[in-house]
Amino acid sequence: MEFRGFHLMAALGCLVGAALPGQGQAQEDLGAGVSIELNALDPGEGACRISFVIQNGHARDIDSAVFEAVLFDADGRVERLTLFDFGALPAARPRVRQFAVPGLDCDGLGRVLINGAETCAGEGLAPGACMEGLELRSRTDVELIG
């Protein structure tokens with residue numbers, strides 16, 4: 001009887017161990033990436049307010065995420081380079097960030113290029129975590145590329 005109990009306990013231990021995320025699985029989750037959606041463009045007083053929905057798909061929080069963006073006009077010419085500070089991004093939770101870009105005509109914006117991550121910091125994040133597997137999409141007529 002004790003022999004069977006030992007096997008039962010060992011089997012239960014294996015099942016519990018398989019159900020809990022281990023170090024290898026956490027590393028896989030880190031590859032999930034960040035997604036950025038260009039959600040809205042709203043003209044304001046002398047500025048264009050750009051709204052993004054961003055989600056950290058990693059298993060760990062991102063403490064600070066700053067992306068370099070290139071804004072192109074409707075004719076494809078570089079209008080300006082800028083930094084968008086998305087701040088802290090909790091794991092697996094969407095966030096909305098808005099940026100008022102002074103002197104930018106929303107109607108004249110042709111596309112936005114995410115040129116790279118200026119800052120991507122968080123405990124246990126792999127180097128390049130903000131750019132590796134980056135997913136980009138737009139709900140506007142302005143294309144978001146990377």
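Cys-48 is buried, because its relative accessibility is 0%; residues count as buried under 20% relative accessible area, as exposed over 50%, and as partly exposed in between (1.4 Å probe, protein chains only). The model is a predicted one, in which local features need pLDDT of at least 70 and side-chain atom pairs count only at pLDDT 80 or more, whereas totals for chains, interfaces and linings use all residues. Residues are numbered from 1 along each chain as its sequence is written, and side-chain values use heavy atoms, with hydrogens and water left out.

Two disulfides are present in the structure, a disulfide being a pair of cysteine sulfur atoms within 2.5 Å. One of them is formed by Cys-48 and Cys-106, whose sulfur atoms lie 1.9 Å apart. This pair links distant parts of the chain, with Cys-48 in strand β2 and Cys-106, 58 residues apart from it, in the loop between β5 and β6 (109–121). Strands are DSSP runs (E, at least two residues) numbered from the N terminus. The torsion about the S-S bond of Cys-48 and Cys-106 is about 110 degrees, so this disulfide is right-handed. Cys-106 has 8% relative accessibility and therefore counts as buried.

A disulfide also joins Cys-120 to Cys-130, with an S to S distance of 2.0 Å. The link of Cys-120 and Cys-130 is right-handed, with 80 degrees about the S-S bond. Here too distant parts of the chain are linked: Cys-120 belongs to strand β6, and Cys-130 lies in the loop between β6 and β7, ten residues apart. Cys-120 counts as partly exposed because its relative accessibility is 28%, whereas Cys-130, at 1%, counts as buried. With bonded cysteines counted along the chain, the disulfides of the protein follow the pattern 1-2, 3-4.

Strand β2, which holds Cys-48, is part of an open sheet of four strands with the order β5-β2-β1-β7 and mixed pairing. Two strands pair if DSSP finds at least two bridges between them. Strand β2 (residues 47–56) runs antiparallel to β5 and is joined to it by nine bridges. Within this pairing, Gln-55 has Pro-94 in β5 as its bridge partner.
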